[in-house]
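Hi,

Here is the structure I promised to pass on. Have a look at it first, then read my notes below.

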Amino acid sequence: MKLSVVIPAYNEEESLPPTLRALYQTLAKHGISHEICVTNDNSKDGTLRVLQELAATEIPTLVYFTNPGPNGFGYAVRYGLERFTGDCVAVFMADLSDDPEDLVKFYNKMQETGVDAVFGSRWGRDGKVIDYPALKKVINRVANFIVKVVMGIQYNDTTNAFKLYKRETIEGVKPFLSPHFNLTVELPLKAIVRGYSYAVVPNSWTNRKYGESKLKIKEMGSRYFFILMYCLIEKYFSRGDFRKKTSTASQTVSR
């Protein structure tokens with residue numbers, strides 16, 4: 001499978017060089033056919049210049065787009081998800097909070113099992129976080145517990161943006177609704193509700209070294225709640241209208 005990596009970037013001129021170099025070197029080392037797709041979310045700093053220089057001189061698999069607007073994390077990810085060319089696609093953070101070696105584990109897991117998606121978990125066995133803000137951690141754990149209970153699922157890290165999807169899975173969870181960070185919840189919950197198979201792989205998370213987080217917790221509560229309620233209503237009242245369509249042949253292959 002060709003792997004596409006979608007990276008949203010707003011004012012990330014300091015973070016992008018180490019992130020893109022580490023990602024490219026890791027994927028090349030493991031011989032994974034790939035493209036790195038960065039969405040420059042109409043940045044006001046030198047992000048576009050950095051992307052131009054890296055694509056021209058160091059990273060041949062780098063492609064980049066500029067999202068003219070509307071802007072925001074969700075819009076930037078969606079912009080990339082409409083333009084990638086791979087057989088599967090991962091959402092990866094520009095600040096290197098995600099580990100490229102974990103992405104290789106996700107990719108191998110999908111190859112080995114044939115699942116439709118691979119979700120990361122920072123909180124289970126073998127998962128870890130480094131320099132995670134204490135208040136943010138408490139809010140994260142409470143939010144994920146609520147999602148687990150309301151949706152009746154076992155997955156414990158829905159808000160983790162770091163996930164890998166087959167192209168067919170991304171097509172199957174459209175149309176996208178979330179313009180902000182709640183997209184990280186929308187994608188996996190829709191995939192689960194619509195009957196796509198998934199595996200969970202432990203991953204690590206490291207706090208950014210440069211710049212500041214774009215996630216504003218006070219602004220996101222109601223937006224996460226909206227997506228949670230939307231997926232809950234679809235689960236119980238859509239009568240399976242959006243569920244994954246499987247043929248006899250594909251079911252045989254998946255076994």
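This is a predicted model: local features need pLDDT of at least 70, side-chain atom pairs count only at pLDDT 80 or more; totals for chains, interfaces and linings use all residues.

Residues are numbered from 1 along each chain as its sequence is written, and side-chain values use heavy atoms, with hydrogens and water left out.

Let's start with helix 1, residues 16-29. Helices (H or I, at least four residues) and strands (E, at least two) are DSSP runs, numbered from the N terminus. The expected span of a helix is 1.5 Å times one less than its number of residues.

Which residues of helix 1 are buried? Leu-16, Pro-17, Thr-19, Leu-20, Leu-23, Thr-26 and Leu-27 are, where buried means under 20% relative accessible area, exposed over 50% and partly exposed in between (1.4 Å probe, protein chains only). They pack against strand 1 (3-9), strand 2 (34-40), helix 2 (47-57), strand 3 (62-66) and helix 4 (100-113). After helix 1 comes Gly-31, with a positive phi near 65 degrees.

Now helix 4. Its 14 residues should also span 20 Å, and its end C-alpha atoms are 20 Å apart, which agrees. Buried residues here include Pro-100, Leu-103, Phe-106 and Met-110. At the start of helix 4, a side-chain oxygen of Asp-99 comes to within 2.9 Å of the backbone nitrogen of Glu-101. Just after the helix, Gly-114 has a positive phi of about 75 degrees.

On to the rings. Rings of Phe, Tyr and Trp (its six-membered ring) pair if their centres lie within 6.5 Å; planes under 30 degrees apart count as stacked, over 60 as edge-to-face and the rest as tilted. By this rule there are nine aromatic pairs. One of them is Phe-92 with Phe-162, edge-to-face at 5.5 Å centre to centre, with 90 degrees between the planes. This pair links distant parts of the chain, 70 residues apart. Phe-162 is buried, with a relative accessible area of 0%. Phe-162 also pairs with Phe-106: the centres are 4.5 Å apart and the planes at 25 degrees, so this pair is stacked. Phe-106 lies in helix 4 and Phe-162 in the loop between helix 5 and strand 7, so the pair ties together parts that are 56 residues apart in sequence.

Cheers

Methods: Contact means heavy atoms within 4.5 Å. A polar contact is a pair of N or O atoms within 3.5 Å; within protein, one must be able to donate a hydrogen and the other to accept it, and residues adjacent in sequence count only if both atoms are side-chain atoms.
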